[in-house]
Amino acid sequence: MSNEAAAAKTAVKEGAPEKADAGEPTIFDKIIAKQIPSDILYEDDTALAFRDISPQAPTHFLVIPKHRDGLTQLSKSEDRHEKVLGHLLHVASKVARQENLTHGFRVTINDGQNGCQSVYHLHLHVMGGRQLSWPPG
Ligand code: TR5
């Protein structure tokens with residue numbers, strides 16, 4: 001693991017959030033550009049899926065748009081984002097199948113401060129591999 005990735009992991013463990021949505025590049029841009037290593041599960045021209053560095057379930061991966069195009073968070077969606085939003089959900093489903101999440105899984109999008117969002121580049125969490133409880137905290 002590179003020093004930068006190790007530092008990023010430490011920051012996650014300590015719960016250090018990135019700045020609230022300032023429209024600035026995030027750590028995910030470096031993952032997309034392969035400047036930081038990640039465990040990539042799926043990639044196409046539009047989307048990238050990779051394992052979460054701090055998994056909350058036996059299987060926990062993120063699905064992100066490769067071109068953020070203003071989608072720092074779900075609540076910033078515009079009509080032009082409709083296609084990419086649908087594509088991200090389909091990628092989540094395809095990768096869940098690839099990961100053998102045959103008994104079900106959860107897709108979560110944390111939005112903003114109350115949603116506990118820490119990285120302001122839209123991402124879907126896909127978690128599975130154990131019985132999840134409801135409601136979440
Ligand atoms: O809290 P929200 O919903 O914004 O989720 C951000 C997610 O990004 C968390 O689940 C983190 O564990 C995850 N994350 C953060 C970093 C990171 C990552 N997943 C994979 N690789 C990562 N690197 C290299 N660096 C991070 N800072």
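Trainee: Thanks! What should I know about the numbering and the model before I go on?

Mentor: Residues are counted from 1 along each chain, in the order its sequence is written. This is a predicted model, where local features need pLDDT of at least 70 and side-chain atom pairs count only at pLDDT 80 or more, while totals for chains, interfaces and linings use all residues.

Trainee: What is the mean pLDDT of the protein chain?

Mentor: The mean is 90, and 86% of the residues reach 70 or more. pLDDT is the predictor's confidence in each residue, from 0 to 100. For the complex, the predictor gives an ipTM of 0.99 and a pTM of 0.90.

Trainee: Over which residues is the pLDDT below 50?

Mentor: That applies to residues 10–17, a stretch with five contacts in the model beyond near neighbours in sequence. Two residues are in contact if their C-beta atoms, placed from the backbone, lie within 7 Å. Where pLDDT is low, the predicted coordinates should not be read in detail.

Trainee: Okay, on to the fold. How many helices and strands are there in the protein chain?

Mentor: Three helices and five strands. Starting at the N terminus, the elements run α-α-β-β-β-α-β-β.

Trainee: And in what order do the five strands sit in the sheet?

Mentor: The order is β1-β2-β3-β5-β4, in an open sheet with antiparallel pairing. β1 and β4 (105–108) are the edge strands, each pairing on one side only. On average, neighbouring strands are turned by 15° against each other, direction ignored. Two strands pair if DSSP finds at least two bridges between them.

Trainee: Which helix packs on the sheet?

Mentor: Helix α3 (residues 82–98), which touches β1, β2, β3 (59–65), β4 and β5. The direction of α3 makes about 155° with that of β3. For such angles, axes are lines fitted to C-alpha atoms, for helices over the stretch in contact, and the values run from 0 to 180 degrees between N-to-C directions.

Trainee: Can you walk me through the pairings?

Mentor: β1 (residues 40–43) and β2 (residues 47–51) run antiparallel and are joined by three bridges. They form a hairpin with three residues between them, and Tyr42 stands opposite Ala49 in β2. Five bridges join β3 to β5, again antiparallel, with Thr59 opposite Gly128 in β5. β4 and β5 (residues 124–128) pair over four bridges in the antiparallel sense, and there Arg106 faces Met127 in β5.

Trainee: Why is β5 largely enclosed by the rest of the structure?

Mentor: Because four of its five residues are buried.

Trainee: Which residues have the most contacts inside the largest nonpolar core?

Mentor: Ala49, Val63, Ala92, Val95 and Val126, in a core of 24 residues. A nonpolar core is a set of buried Ala, Val, Leu, Ile, Met, Phe, Trp, Tyr and Cys residues joined through C-beta atoms within 7 Å. α2 (27–32), β2, β3, α3 and β5 each supply at least two residues, and the largest share, five residues, comes from α3.

Trainee: Changing topic: where does UniProt place the "active site"?

Mentor: The unreviewed UniProt entry puts that feature at His123. UniProt positions follow the numbering used here, feature names are shortened, and annotations may be inferred rather than shown by experiment.

Trainee: Does His123 count as what, buried or exposed?

Mentor: Buried, because His123 has 26 C-beta neighbours inside 10 Å. His123 lies in the loop between β4 and β5. Apart from neighbours within four places in sequence, His123 is in contact with Leu62, Val63 and Ile64.

Trainee: Last one: which residues does UniProt list for "domain: HIT"?

Mentor: Residues 27–137, from the unreviewed entry. Over that range the chain is 21% helix and 23% strand, with the end C-alpha atoms 26 Å apart.

How values were computed:
Buried ≥ 20, exposed ≤ 12 C-beta atoms within 10 Å, placed from the backbone.
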